[in-house]
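Visitor: I would like to go through this model with you, a few questions at a time.

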Amino acid sequence: MDTPSPASISKAVIPAAGLGTRFLPVTKATPKEMLPIVDKPAIQYVVEEVVAAGMHDVLMITGRNKRPVEDHFDRNYELEEALRTKGDRERLEAVRSIAGLARVHYVRQGEPRGLGHAVLCAEEHVGGQRFAVLLGDDLIDPRDPLLVPMIEAQQQLGGSVVALMEVDPSQVSLYGCAAVKPTGQDGVVAVVDLVEKPAPQNAPSNLAIIGRYVLDPAVFEILHHTPPGRGGEIQLTDAIREMATHESVGGPVHGVLFSGRRYDTGDRSDYLKASIRLASEREDIGPDLRGWLRSFVANELAP
């Protein structure tokens, strides 16, 4: 599948202001976005996904303790000089390439008022353009591109597009869930309603919104008037529901069905699983790690 022209959707927003309370105490002083997946922080995977989809303008919504995120995507001349002096060209190129990935901008959210409020902080930067939103807790394997088909669906159908994935019915209370109807287009559905983190018995389906969105700028006006919802926060799901149920205010809303490899790094157990899975697939450390895992399971976890 061809990568869409950068002119189609040129800006991506990455909310990165969360406190990371589920990973305390490590996130007391380290942003959760900087927790490593092997040797690369989670946030770098997300920026690389943006670039792979043809976008190079990234706005991160940050908070008070997120300076390390900014430093990561900036040049570090002292480190580069040390690596150059040692003749370590491989690591030097790895460090330099990070600063050249994209044009990264930063806006502080100020106070944690929910994902909807975080997206609203991007209004001035985005202006009247369609834009993508990527959540750092969901890592999408680059072998299973998701943003590209979402952008293509938006170009064909207009409005906004969300990523949907089937989850176990017992897990729907962790997500926003969608009521849908077919469009006649393979892998794309029309979203007719959304419920934020419903009880399993009240969920309209087991199709959960995962952390990828392509949004019409009409969402900003809706967010300005969206009252606090679940948890007392301004929920992005509530604003998208308004567009889905009242197309005249920014709709329609469609969903792209995703069944590829997704790594949930927002949960401690899933974070460890993602790290092990990605590490075991690497050519440099994978063979040794896979051998150790087999031995560990056979000898130390055996009943």
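The questions and answers below go from the core to a pair of helices and then to backbone geometry.

Guide: This is a predicted model, in which local features need pLDDT of at least 70 and side-chain atom pairs count only at pLDDT 80 or more, while totals for chains, interfaces and linings use all residues. Residues are numbered from 1 along each chain as its sequence is written, and side-chain values use heavy atoms, with hydrogens and water left out.

Visitor: Which residues touch the most other members of the largest nonpolar core?
Guide: A nonpolar core is a set of buried Ala, Val, Leu, Ile, Met, Phe, Trp, Tyr and Cys residues joined through side-chain atoms within 4.5 Å, where buried means under 20% relative accessible area, exposed over 50% and partly exposed in between, with a 1.4 Å probe and protein chains only. The largest such core has 43 residues, and those that touch the most other members are Ile14, Met55, Met60, Phe73, Leu134 and Leu146.

Visitor: Is serine 280 buried or exposed?
Guide: Serine 280 is found in helix H10, residues 268–280, helices being DSSP runs of H or I with at least four residues and strands runs of E with at least two, numbered from the N terminus. Its side chain reaches the backbone oxygen of arginine 277 at 2.8 Å. Because its relative accessible area is 14%, serine 280 counts as buried.

Visitor: Why is H10 described as oblique to H11?
Guide: Axes are lines fitted to C-alpha atoms, for helices over the stretch in contact (heavy atoms within 4.5 Å), and angles run from 0 to 180 degrees between N-to-C directions. Angles under 35 degrees count as roughly parallel, over 145 as roughly antiparallel, 65 to 115 as roughly perpendicular and the rest as oblique. H10 and helix H11 (residues 286–300) pack with their axes 8 Å apart, at an angle of about 125°, and therefore H10 is oblique to H11.

Visitor: Which peptide bond is cis, with omega near 15°?
Guide: Most peptide bonds are trans. Proline 25 has its place in the loop between strand S1 (11–15) and strand S2 (36–37), and the cis bond runs from leucine 24 to proline 25.

Visitor: What is the phi of valine 38?
Guide: Most residues other than glycine have a negative phi. Valine 38 is found in the loop between S2 and strand S3 (40–41), and with 31% relative accessibility it counts as partly exposed. Although valine 38 is not a glycine, its phi is positive, at about 65°.

Note on methods:
Polar contact = N/O pair within 3.5 Å; in protein donor to acceptor, adjacent residues only side chain to side chain.
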